Amino acid sequence: MQIRLGRGDDVTGVIVTEPTLVGRQTFVTMVEAGDWAVELTEPLTLEADDHIWIRGAAVFVQRPNGSPVRHEGEGVWLCR
């Protein structure tokens, strides 16, 4: 399963997206932002009201009552 975020900004040479609110419980193995994607090394369960964003080859998740948690993955360019 995958989730798509906004296109992202790469002015620093690293894709960075704005935090996006998760609307319902979701199980993901890939997070896409335009032509960039992060394939996660382990499946990730997102809960409703979490925020998720990409920075480079990492996915960050922030629960409503916690600090952001980094999940390392492999960044890949998508050919469309």
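Trainee: What does the accessible surface of the chain come to?
Mentor: About 5000 Å². Carbon and sulfur atoms hold 50% of that surface. Keep in mind that this is a predicted model.
Trainee: And what share of the residues is buried?
Mentor: Buried residues are 35% of the 80 in the chain.
Trainee: Okay, next topic. How many helices and strands are there?
Mentor: Zero helices and seven strands. Read from the N terminus, the order is β-β-β-β-β-β-β.
Trainee: Which way do E3 and E4 run, parallel or antiparallel?
Mentor: Antiparallel, with seven bridges joining them. Strand E3 covers residues 26-33, and E4 covers residues 36-46. Look at Met 30 for a landmark: it stands opposite Glu 39 in E4.
Trainee: What sits between the strands in that hairpin?
Mentor: Two residues separate E3 and E4 there. Gly 34 takes a positive phi in this hairpin, near 65°.
Trainee: How many bridges link E4 and E7?
Mentor: Five, and that pairing is antiparallel. Find Leu 40, which stands opposite Gly 73 in E7.
Trainee: Switching to rings. How many aromatic pairs turn up in the whole structure?
Mentor: Two. One is Trp 36 with Trp 77, arranged edge-to-face. Their centres are 4.8 Å apart, and the planes make an angle of 70°.
Trainee: Why does that pair tie together separate parts?
Mentor: Because Trp 36 lies in strand E4 and Trp 77 in strand E7, residues 69-77. The two parts are 41 residues apart in sequence.
Trainee: Is Trp 36 buried or exposed?
Mentor: Buried, because its relative accessibility is 11% and the cut-off for buried is under 20%.
Trainee: And Trp 77, buried or exposed?
Mentor: Exposed, since Trp 77 has 57% relative accessibility and exposed means over 50%.
Trainee: Which residues form the other pair?
Mentor: Trp 53 and Phe 60, and their rings are stacked. The distance is 5.7 Å centre to centre, with 5° between the planes.
Trainee: Why do you keep giving a distance and an angle?
Mentor: Because a pair of aromatic rings is described by the distance of the centres and the angle of the planes.

Conventions
Residues numbered from 1 in each chain as written. Predicted model: local features only at pLDDT ≥ 70, side-chain atom pairs only at ≥ 80, totals over all residues. Heavy atoms only, no water. Helix = DSSP H or I, 4+ residues; strand = E, 2+ residues; numbered from the N terminus. Buried < 20%, exposed > 50% of the residue type's maximum accessible area, 1.4 Å probe, protein only. Areas by Shrake-Rupley, 256 points an atom, 1.4 Å probe, with all protein chains shown as cover. Phe/Tyr/Trp six-rings, centres within 6.5 Å; stacked < 30°, edge-to-face > 60°. Pairing = 2+ DSSP bridges.
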